[in-house]
Amino acid sequence: MVDYQCEVLLKGGQLLQAGGNSHEERVDVAIANGRILAIAPSLSLKASQVLELDGKIISPPFVESHIHLDSALTAGEPRWNQSGTLFEGIEIWRERKETLSLEDVKQRAIATLKQQAMQGVLFVRSHADVSEKNLIALQGLLEVREAVKDWITLQVVAFPQDGIYGSPKNDELIEEALRQGADAVGGIPHYEPTREDGVASMHRVFDLAEKYDTLIDVHCDEIDDDQSRFLEVIAANAIRRGNGAKVTASHTTAFGSYNNAYAFKLMSFLDRSGINFIANPLINITLQGRTDTYPKRRGVTRVKELWQRGLNVSLGHDCVQDPWYSLGTGNMLDVASMAVHICQMTGRQEIDACYDMVTWHGAKTLHVEDEYGLEEGKPANLVVLEASDRYDAIRRRAIARYVFSRGRLIANTTPAQSQWQGIETPALA
Ligand code: FE2
């Protein structure tokens with residue numbers, strides 16, 4: 001037996017691997033100096049902390065690939081979204097952001113990130129509204145990115161909520177946001193004043209990404225309008241410029257309403273583009289379909305079909321207690337569970353795929369694969385879940401028993417225990 005020294009030794013867990021089977025073999029994992037030192041069926045090591053996992057799953061951390069931390073925890077301020085629509089949400093946020101301060105943004109963002117981290121989320125991509133005149137949301141989130149970097153990785157997208165061409169100043173504001181260090185450039189083509197403005201905004205986004213060498217993540221076709229067709233503009237730009245791996249189309253809910261003749265043609269261009277997709281099932285099922293009577297559409301993109309074609313699909317909350325969605329806890333298993341339901345991904349492999357969409361696929365979307373995953377030598381970012389496999393984790397929204405970030409235990413949660421106190425039922429003969 002090799003005798004290593006390590007800080008933490010996890011004994012007898014089931015190590016989840018990307019695209020793996022539901023039943024994984026039991027292993028020990030040793031952590032030292034913030035990294036995964038060794039993974040093997042049985043390790044004999046001196047460790048300052050030994051945790052017996054008894055078959056619990058060891059997962060790479062959850063990835064929240066789409067959230068708005070600048071608006072998180074503001075539900076009801078200054079008023080509730082009574083219609084429940086995307087557009088009333090935008091109106092309410094336009095009022096709320098008049099009162100933003102740096103402290104306000106930072107306090108709510110850090111509170112939300114802690115809530116997420118305690119549930120095993122260690123990688124987050126947040127949009128920052130840069131159509132707000134003083135760029136307070138952006139500055140607040142950039143400061144938070146630095147303040148939390150020792151325990152969570154935060155990416156910030158320069159997102160023009162009111163459109164790049166919705167106001168004379170917005171084009172300059174988005175470029176200033178990139179100068180200040182945003183990780184990605186965003187857009188909202190379906191909310192630009194005209195179809196032509198929407199197309200122009202997409203070309204502008206790609207130009208800005210090239211100029212500042214950033215990722216791209218566009219709120220694209222987040223509407224039930226079957227004529228909202230900006231995804232094709234993104235795909236065409238990605239094909240021409242060869243940068244699909246760094247490009248993400250978020251939402252694309254209109255894709256769920258396209259006729260199949262158009263959708264099937266589009267699919268072949270999407271294959272060639274190699275772009276990433278993010279669906280936000282909690283929000284999509286809530287905000288979309290609001291103008292329908294019956295039958296009422298689900299308002300979610302074609303998650304199953306994109307996944308079946310091998311395109312990279314990940315999932316996000318989008319919102320946690322804000323003008324668009326007053327619920328949400330930051331738990332990515334809630335998101336995966338909703339995807340299983342509304343995307344009708346109930347086959348066993350499909351359920352496992354929904355788990356992968358909040359872990360490995362998210363890491364690919366965020367372009368952080370080099371530092372992500374359960375391999376010797378990688379940063380020790382991992383979650384021990386009170387579950388036996390992915391299906392069990394999603395079905396029961398398994399708690400994150402232990403959360404390790406950069407090799408440090410940053411959160412642990414004790415399972416609730418219920419005891420039957422009712423009348424005993426005699427066994428049937
Ligand atoms: Fe969003």
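In this predicted model, helix α6 buries Leu231, Val233, Ile234, Ala235, Asn237 and Ala238. The elements that cover these buried residues include α5 (195-212), β10 (215-220), β11 (247-251), α7 and β12 (276-279). Just after α6 comes Gly242, which takes a positive phi of about 65°.

How do α6 and its neighbour α7 lie against each other? In general, two packed helices are described by the angle between their axes and the distance between the axes. Helix α6 (residues 231-241) packs against helix α7 (residues 260-273) at an angle of about 30°, and their axes are 9 Å apart. Because angles under 35 degrees count as roughly parallel, α6 is described as roughly parallel to α7. The crossing in which α6 passes α7 is left-handed.

The table lists the residues through which the two helices make this contact.

| Helix | Residues in the contact |
|---|---|
| α6 | Leu231, Glu232, Ala235, Ala238, Ile239 |
| α7 | Tyr262, Lys265, Leu266, Phe269, Leu270, Arg272, Ser273 |

Another part of the chain holds a pair of strands. Strand β15 (residues 400-405) and strand β16 (residues 408-412) run antiparallel and are joined by four bridges. The two strands form a hairpin with two residues between them, and Arg406, in the turn, has a positive phi of about 50°. Ser405 stands opposite Arg408 in β16.

Notes
Residues are numbered from 1 along each chain as its sequence is written. This is a predicted model: local features need pLDDT of at least 70, side-chain atom pairs count only at pLDDT 80 or more; totals for chains, interfaces and linings use all residues. Side-chain values use heavy atoms; hydrogens and water are left out. Two strands pair if DSSP finds at least two bridges between them. Axes are lines fitted to C-alpha atoms, for helices over the stretch in contact, and angles run from 0 to 180 degrees between N-to-C directions. Angles under 35 degrees count as roughly parallel, over 145 as roughly antiparallel, 65 to 115 as roughly perpendicular and the rest as oblique. A crossing is left-handed if the near helix is turned anticlockwise from the far one by less than a right angle, and right-handed if clockwise. Contact means heavy atoms within 4.5 Å. Buried means under 20% relative accessible area, exposed over 50%, partly exposed in between (1.4 Å probe, protein chains only).
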